[in-house]
Amino acid sequence: MTTQFDRRADVAVIVPAAGAGVRLGPGAPKALRPLCGEPLLVHAVRRVAECPAVGAIVVAAPPDQVATVRELLAPVAPVTVVPGGTTRQRSVAAALDAVADEFDIVLVHDAARALAPPALVMAVADAVRAGHDAVIPVLPVVDTIKEVSATAEVLGTVDRTVLRAVQTPQGFRRAVLVAAHAAAAADDASDDAGLVEKLGVRVRCVPGSEHAMKITRPFDLAVAELLLSSG
Ligand code: CTP
Ligand code: MG
């Protein structure tokens with residue numbers, strides 16, 4: 001059943017989904033690959049649409065799949081679909097252009113994090129509403145991290161207590177995200193907070209979720225299948 005958005009909702013969510021999924025191996029664009037029988041993008045959008053504060057969703061689709069993605073998402077939520085770009089930054093910028101003026105809080109959420117729970121989306125939006133201009137969900141780094149040379153020599157061990165692994169959704173005051181993308185080079189940063197940092201804006205961390213894992217390689221897809229099928 002299609003989720004209808006609440007008129008009082010104040011959050012727009014951008015879902016970049018135009019990547020090829022090279023690291024997942026040959027096949028369809030990653031966002032359209034099946035996870036327990038449904039495309040990753042459907043899982044991601046369904047969870048976002050469940051959030052009462054979300055009033056708009058804009059998806060950046062692979063440019064040759066815009067019609068397919070519209071059809072795919074029509075039964076899930078009233079989503080706007082735009083053609084994505086050649087880099088993630090360009091895809092986010094294209095979707096940001098299509099966000100209606102009324103939304104002052106904008107979240108950016110990778111389709112590749114298909115199982116990010118609605119509670120995480122709400123927590124990020126709440127932190128922006130509470131006054132933080134930029135908010136990212138993070139987890140502690142569990143592995144020992146070493147700096148290594150191009151010739152595989154260990155240069156040193158990094159203090160992991162000061163490191164965090166960063167997820168999406170990332171949340172922003174709209175004007176901050178617009179300014180960050182206006183100043184960005186197309187190949188800049190692997191996340192939106194990275195662009196915002198370059199403007200000198202403070203970025204606030206909130207606790208992430210293991211379910212918001214990024215599906216990058218075939219192993220991640222297998223883990224996500226297990227997570228979903230174990231309830
Ligand atoms: N993305 C996008 N437009 C691009 C590149 C990436 O919208 N030109 C999106 C992807 O669809 C994904 C998110 O950005 O939801 C994070 O990117 P990543 O996990 O790297 O996905 P892909 O780029 O598809 O994967 P790969 O790098 O393995 O090709
Ligand atoms: Mg990529």
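**Ligand site and cysteines**

Modeller: Start with a backbone contact: a polar backbone atom of Ala111 lies 3.2 Å from an oxygen atom of ligand 1. Bear in mind that this is a predicted model.

Colleague: How much of ligand 1's accessible area does the protein cover?

Modeller: The protein covers 87% of it, where ligand 1 on its own has 560 Å².

Colleague: Which pocket does ligand 1 sit in?

Modeller: The largest pocket.

Colleague: Which residues come nearest to ligand 1?

Modeller: Pro16, Val22, Arg23, Ser91 and Lys214, out of 18 residues around ligand 1.

Colleague: And how does that shell split by class?

Modeller: There are 7 nonpolar, 6 polar and 5 charged residues.

Colleague: Back to polar contacts. What does Arg23 do there?

Modeller: Arg23 uses its side chain: a polar atom of that side chain is 2.9 Å from an oxygen atom of ligand 1.

Colleague: New topic. How many disulfides?

Modeller: The structure has 0.

Colleague: Is Cys36 buried, exposed or partly exposed, and why?

Modeller: Partly exposed, because its relative accessibility is 36%, and that class runs between 20% and 50%.

Colleague: What about Cys205?

Modeller: Cys205 has 41% relative accessibility, so it counts as partly exposed.

Technical notes. Residues numbered from 1 in each chain as written. Chains lettered and ligands numbered in written order. Predicted model: local features only at pLDDT ≥ 70, side-chain atom pairs only at ≥ 80, totals over all residues. Heavy atoms only, no water. Disulfide = S-S within 2.5 Å. Buried < 20%, exposed > 50% of the residue type's maximum accessible area, 1.4 Å probe, protein only. Near = heavy atom within 4 Å. Polar contact = N/O pair within 3.5 Å; in protein donor to acceptor, adjacent residues only side chain to side chain. Areas by Shrake-Rupley, 256 points an atom, 1.4 Å probe, with all protein chains shown as cover. 1 Å grid on protein atoms, 1.4 Å probe; cavity = no way out; pocket = protein on both sides within 12 Å on 5 of 7 lines; lining within 4 Å. Sits in = over half its atoms within 2 Å of the grid points. Nonpolar A, V, L, I, M, F, W, Y, C, P; charged D, E, K, R; others polar.
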